[in-house]
Amino acid sequence: MSFADLHVHSIYSYDGTSTIPAILKHAAARTNLKALAITDHDTIRGVREAQDLAPRYGLEVIPGCEISTRDGHLLALFIENSIKPDLPLLDTVLALADQGGICVAAHPYARGMNSLTAESIRKVVAHPRAAQCLVGVEVFNACLIYPDSNIRALAAAQQLGLAKTGSSDAHVLSAIGRGATGFLGDTAADLRKALIERQTYVHRGPRQSRAKIIAGYLPRIFLRKLGWAAWNANPQEPLTYIRYARTLTGSV
């Protein structure tokens, strides 16, 4: 069995703290990970960089995005183009279907995170074409401050007959791989097939306390706001922090 982390944020997200090279290096050190999805908020700007670098680290990168729909956050996977945010959930899912993507409900029920409800998901899976695109529910999110919503998400996935996924929702390097989705096979194509066929498994890593999650994030987001980010272009070098360029394109 192989594992993929389907929910990872980089500095291309307003709340990410790590560059793409640092993320790939850290993910490669997690020997159980075969793939990861770069899912920055409402942008796919980091995906191409990640795909170009991924072979150096023996990983596959799934092109993704965490889309802010009008009803809550949605993880879009295997996409080619970005989707306009703030559309109704159904319209967003149908737009993803048009480009051959699939999607997963991100951290449903989670407090303070603009999350989807079971009712909003149910309305989408009742739509014949949208149901072929919305294939899963994130039932384990490793970085939730209030993890009780993971239990409710699992119940929703079981009730709706959707694939169950685990993810880190990593905004800092140490979180990568703490949650992951297991699947039979070795490739991103195998993962996609497993999601569509509802044949995925959830890896739940060691949970951090609420205090540790907050303490690990706050100093790094503070550095990010000052224009610094975790970076490493050479897997043989220790992790460093660099000053990155704030440009209109978000380039590093």
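Alanine 76 stands opposite cysteine 103 in strand E5. The model in which this pairing is found is a predicted one. E4 and E5 are joined by 4 bridges and run in the antiparallel sense. Between E3 and E4 the pairing is likewise antiparallel, here over 6 bridges. Another bridge of this pair links serine 68 with histidine 73 in E4. The two strands make up a hairpin, and 2 residues lie between them.

E3 is mostly covered, with 9 of its 10 residues buried. In E4, 6 of 6 residues are buried. In a regular strand, side chains alternate between the two faces of the sheet. Strand E3 (60-69) and strand E4 (72-77) are both among the elements against which the buried residues of helix H3 pack. The buried residues of H3 (residues 89-98) are Leu89, Thr92, Val93, Leu94 and Leu96. An α-helix has 3.6 residues a turn, so residues three or four places apart point the same way. Besides E3 and E4, the buried residues of H3 pack against strand E5 (102-105), helix H4 (118-125), helix H5 (128-131) and strand E6 (134-141). H3 is followed by glycine 100, which has a positive phi near 80°.

Positive phi values also occur in residues other than glycine. Phenylalanine 78, in the loop between E4 and H3, has a phi near 60°. With a relative accessibility of 15%, phenylalanine 78 falls under the 20% cut-off and therefore counts as buried. Tyrosine 109 is placed in the loop between E5 and H4, and its phi is positive, about 75°. The relative accessible area of tyrosine 109 is 23%, and this residue is therefore partly exposed.

The largest pocket has a volume of about 520 Å³. It is lined by 26 residues, and those closest to its centre are Met113, Cys143, His171, Ile213 and Tyr217. Helix H8 (residues 210-225) gives the most to the lining, with 5 residues. Grouped by class, the lining holds 13 nonpolar, 8 polar and 5 charged residues.

Histidine 171, one of the residues closest to the centre of the largest pocket, is located in the loop between E7 and strand E8 (179-183). Its relative accessible area is 15%, so histidine 171 is buried. When neighbours within four places in sequence are left aside, histidine 171 is in contact with His9, Asp15, Gly16, Thr17, His41 and Tyr217. Of these contacts, Tyr217 is also listed among the residues closest to the pocket centre. Histidine 9 lies 162 residues from histidine 171 in sequence, while the C-alpha atoms of the two histidines are 5.3 Å apart in space.

Terms used. Residues are numbered from 1 along each chain as its sequence is written. This is a predicted model: local features need pLDDT of at least 70, side-chain atom pairs count only at pLDDT 80 or more; totals for chains, interfaces and linings use all residues. Side-chain values use heavy atoms; hydrogens and water are left out. Buried means under 20% relative accessible area, exposed over 50%, partly exposed in between (1.4 Å probe, protein chains only). Contact means heavy atoms within 4.5 Å. On a 1 Å grid over the protein atoms alone, a cavity is a set of points where a 1.4 Å probe fits but cannot get out, and a pocket is an open set with protein on both sides within 12 Å along at least five of seven lines; lining residues have an atom within 4 Å of a point. Grid points are joined across faces, edges and corners, and a volume is the space filled by probe spheres set on the points. Ala, Val, Leu, Ile, Met, Phe, Trp, Tyr, Cys and Pro count as nonpolar, Asp, Glu, Lys and Arg as charged, and the others, Gly among them, as polar. Two strands pair if DSSP finds at least two bridges between them.
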